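Please examine the model shown below.

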Amino acid sequence: MGAIGKLIDAILFVCFALMAVIGPLIDGQTALPKSIFPAFLTDLKTSYIAEFGDYLLMEKPHFLVGLVWHELVFLWPLSIANVYAILAGKSWFCTTCLLYGASLVTSMAAILGEMIGSGKASERLLMMYVPFMGIGVLAVLRGLVSSSTKSTGSVGKRYTIMPRRKLA
């Protein structure tokens, strides 16, 4: 894939590593009881809500809580797996990257649809959420492009039957 592929993998690595930390510590506060989080984390989220006017995190609509559970149960483990796959050069990275990207794009479509459709979101808040859609699209594209130029599958290969040897 060359230099562009390495750059894309580096961008995705940073995003996956951040989401492996941010997902349970910050986003988890939307679905889990506040009492299990340290005060500095709840203060950090409260200051973010105030600064950006994030009405979704303030109101906690049911669809958002569901998406956060989806993030914690499905996307968070995939983030960790993708960090490992990039570091270890695992062949299954394309598959997990595609799963992560498709799931993130779907979640972001629901969130951005609500924000744009309701008219409640400020331009600043939208600029906070739109890059996640871009990361999702980038992950999908990376998942669709194999890092190897060799075909490893058996599709289209013909197996030849070797004649039996005569035993003397």
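Is L12 buried or exposed? In this predicted model, L12 is buried, because its relative accessible area is 0%. This residue belongs to helix α1. Leaving aside residues up to four places away in sequence, L12 touches I86, C97, I135, L138, A139 and R142. With A139 the separation along the chain is 127 residues, yet the two C-alpha atoms are 7.1 Å apart.

R142 also takes part in a salt bridge, its side chain meeting that of D9 at 2.6 Å, N to O. D9 lies in helix α1 and R142 in helix α6 (residues 123-144), so the pair ties together parts that are 133 residues apart in sequence. Both D9 and R142 are buried.

The whole structure contains three salt bridges. Another of them joins E51 and R124, with the closest N and O atoms 3.0 Å apart; this pair links helix α2 (residues 39-52) to helix α6 across 73 residues. E51 is partly exposed, at 48% relative accessibility, and R124 is partly exposed at 44%. K120 and E59 form a further salt bridge, at 3.8 Å, N to O. K120 lies in the loop between α5 (93-118) and α6, and E59 in helix α3 (residues 55-59), so the pair ties together parts 61 residues apart in sequence.

On the surface, V14, L18, V21, I22 and L25 form a nonpolar patch with about 390 Å² of accessible area together. I22, in helix α1 (residues 2-31), counts as partly exposed because its relative accessibility is 32%.

The chain averages a pLDDT of 90, and 89% of the residues score at least 70. Over residues 149-156, however, the pLDDT is below 50. Where pLDDT is low, predicted coordinates should not be read in detail.

Definitions and conventions
Residues numbered from 1 in each chain as written. Predicted model: local features only at pLDDT ≥ 70, side-chain atom pairs only at ≥ 80, totals over all residues. Heavy atoms only, no water. Patch = residues over 30% accessible without salt bridge, like charges linked within 9 Å, V, L, I, M, F, W, Y side chains within 5 Å. Areas by Shrake-Rupley, 256 points an atom, 1.4 Å probe, with all protein chains shown as cover. Salt bridge = Lys/Arg side-chain N within 4 Å of Asp/Glu carboxyl O. Helix = DSSP H or I, 4+ residues; strand = E, 2+ residues; numbered from the N terminus. Buried < 20%, exposed > 50% of the residue type's maximum accessible area, 1.4 Å probe, protein only. pLDDT = per-residue confidence, 0-100. Contact = heavy atoms within 4.5 Å.
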